[in-house]
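Please read the following report with the sequence and the model side by side. It moves from helix packing to the relation of the chains, and then to rings and backbone details.

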Protein chains: 2
Amino acid sequence: MTASRVLRGEGGYSEDTRIKVMQQVDQLGYLPNRLATVFAGDQSSTFIGVSIPDLGNEVFAQVLEGIDRKLGTFGYQSVLGLTQHTQEEEENWIRTVLSWQPAGLILTGRYHSPRATDMLRNAGIPVVEIWDLNSSPLDMSVGINHFDSGFDMGRYLTSLGYRRIGYVGTSHDTANAATERLNGFCKAVEGAGGAVVKQLCLHDTATYYPGFYGTEQLLSAARDIECIFFQNDAMAFGGLQYCAAKGLRVPDDIGIAGWGDLPIASVMNRRLTSCHVPHLKLGQMAAEMMMGRLTDEPVPTCTDIGFRLIPGSTVRNSGV
Amino acid sequence: MTASRVLRGEGGYSEDTRIKVMQQVDQLGYLPNRLATVFAGDQSSTFIGVSIPDLGNEVFAQVLEGIDRKLGTFGYQSVLGLTQHTQEEEENWIRTVLSWQPAGLILTGRYHSPRATDMLRNAGIPVVEIWDLNSSPLDMSVGINHFDSGFDMGRYLTSLGYRRIGYVGTSHDTANAATERLNGFCKAVEGAGGAVVKQLCLHDTATYYPGFYGTEQLLSAARDIECIFFQNDAMAFGGLQYCAAKGLRVPDDIGIAGWGDLPIASVMNRRLTSCHVPHLKLGQMAAEMMMGRLTDEPVPTCTDIGFRLIPGSTVRNSGV
DNA sequence: AAGGCTTAAGTTACCCGTAACGTAAAATGG
DNA sequence: CCATTTTACGTTACGGGTAACTTAAGCCTT
């Protein structure tokens, strides 16, 4: 009992006792059971549940890295959940992870099942919704406005004279960030007198190879496409390679635009037209907002982390 | 009390009671506190601590994905630890995560601090050491023999006639997998009458851009290098781009070999000489071994997941 | 030297779910 | 119809750490 005092260093014991206790601790290899502390309700746990769609997407891997590193500096741990973009998996994961009394949750995306929303509200713990900026979040939110980023890309491409544009992405839940980007993109393109002639939504992962064969499908379905906007950079690289393999010159024969600005872009000889999002910073900010809330500091409810359009050289230089 | 029975469905209650209990559960939004169950010692937790060096490296992100998905199918959760390749961070993380009474641990690498080893032994829970195959593991191990994979690459490159070879990697703890690969590589090269003329170990992350400028450094220090072996594919891509930028033809002027076979390789017009490791499968296997041990099934102590040399076309075709 | 004060250490109760046991009522059986 | 079994539900105790309280010992003051 006195041992508990010694280990927490709260005082009320003599130096002799402290030494005796520490000797026993060393000798027995004693590790405190933090479960008991949390269970007793004396303090909250140092778990933060973090749900991420998948790690095959480098972007989310970096967000998670940012989160976990920042949490680590505060002595907190991430409990991971890969929810594969589905609300159902997210709901199940939330139920499970809440039963472990986490100190808070960080969730990717703004759309949750009704039951999930209920549980989150009842849990009474901080929740940060990331990725998709949510102006009326459950609690806190950090991310970017995907609609706007798609819109900006659409405006940029049409400003270069592109009118007949294609889209290659993947389909998962309809209400996700990529769909918002596509919506913003279409709005800008159509507003400028262009047309998104074909939208291809593959039932596959949003990675390199689907980008490759998706481009093939798109171009065989609509030969007169002048430019393709991809769901992300990985798919755009796949498209770029398809063009190279088929002898299509980029940007002379066709324009290519991605989204997300993968690290590999930094060493490519040709800069991919894309949209940069500070992934690592996004993750760190999410963790900081969480920690701020847990330490009762004033925390902004909503943080727009911002994006930056990268003109690149895989689209033509200026209007025709 | 009867409620506990109803929720666990263990029987011994009437249908009327069941309905009444479930109504209350729905109404109150009751979620069981699994902490209490574990704490009472009636069952073990469903946490598995997973330590990974970093997620900037796509390879480890995929390993983690494999682990977490597989654990998820068994109703287990990963508690993440990014240990940045250092034993000290690993030890601290182990101490913390053990205090949460995890059901088991999955650790990257075979080298742990003495205290960490003590804690792991005393914890009395399953431990899987991944990545670096460990023939005498603490408990279980799954991975590949990195020395052998480096050796194979060295033998392959010398078989093509390369004699003056360079290496570009990063330095972290000396005793890690990349170092083992380099050791195997050097042994093979020297055994075949070649020489690893310069080994560059950058104090940076093992990613694209360090591969780019590392190549510059290496080539300016040793101009007569015929071929470069990189710590991983990301660095090799950086090297490839450096060569392209400087007008060095690959493989005519210089050979380039990476390691790890990144997904992006699948769409490159030129196949990077590399070594394929089934990352996702490695992670899944680690999770399966863990679950097997937890359900008292017989589990192999050591699983060699295997690698496959990819000849690629960034080195010359055959001996000079 | 008696009374008050400080410090060190021990005791009790609680957190929540469940194993183990207890009990009352209903069902079964001879 | 009473004895026995079964069913349904209640009670108690426990796990490990700690807040709150109690006790014992040491110290000082007048």
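In chain A, the axes of helix 4 (residues 58-73) and helix 11 (residues 279-294) come within 7 Å and cross at roughly 40 degrees, where axes are lines fitted to C-alpha atoms, for helices over the stretch in contact, and angles run from 0 to 180 degrees between N-to-C directions. Helices (H or I, at least four residues) and strands (E, at least two) are DSSP runs, numbered from the N terminus. This is a predicted model, in which local features need pLDDT of at least 70 and side-chain atom pairs count only at pLDDT 80 or more, while totals for chains, interfaces and linings use all residues; side-chain values use heavy atoms, with hydrogens and water left out. Residues are numbered from 1 along each chain as its sequence is written, and chains are lettered from A and ligands numbered from 1 in the order in which they are written.

The crossing of helix 4 of chain A and helix 11 of chain A is right-handed; a crossing has this name if the near helix is turned clockwise from the far one by less than a right angle, and is left-handed if anticlockwise. Among the residues of helix 4 of chain A that meet helix 11 of chain A are A:Val59, A:Ile67 and A:Leu71, and the residues on the side of helix 11 include A:Leu280, A:Ala287 and A:Met291, with contact meaning heavy atoms within 4.5 Å. The residues of this contact divide into nine nonpolar, five polar and three charged.

In chain B, helix 7 (residues 146-159) and helix 8 (residues 177-191) have axes that come within 6 Å and cross at roughly 35 degrees, and this crossing is right-handed. The residues of the contact of helix 7 of chain B with helix 8 of chain B divide into eight nonpolar, seven polar and four charged. In these counts Ala, Val, Leu, Ile, Met, Phe, Trp, Tyr, Cys and Pro are nonpolar, Asp, Glu, Lys and Arg are charged, and the others, Gly among them, are polar.

How are the chains related?

Among the aromatic residues, A:Phe47, A:Trp100, B:Phe47 and B:Trp100 form one cluster, in which rings of Phe, Tyr and Trp (its six-membered ring) pair if their centres lie within 6.5 Å.

The table lists charges that sit over a ring, meaning that NZ of Lys or CZ of Arg is within 6 Å of the ring centre and within 35 degrees of the ring normal.

| Charged residue | Ring | Distance from ring centre |
|---|---|---|
| A:Arg181 | A:Trp259 | 3.7 Å |
| B:Arg181 | B:Trp259 | 3.7 Å |

Most residues other than glycine have a negative phi, and most peptide bonds are trans. A:Trp131, however, has a positive phi of about 85 degrees although it is not a glycine, and A:Trp131 lies in strand 4 (residues 127-132) of chain A. A cis peptide bond joins A:Val250 to A:Pro251, with omega about 5 degrees, and A:Pro251 is found in the loop between helix 10 (233-246) and strand 9 (255-257) of chain A. In chain B, B:Val250 and B:Pro251 are joined by a cis peptide bond with omega about 10 degrees.

Terms used. Rings of Phe, Tyr and Trp (its six-membered ring) pair if their centres lie within 6.5 Å; planes under 30 degrees apart count as stacked, over 60 as edge-to-face and the rest as tilted.
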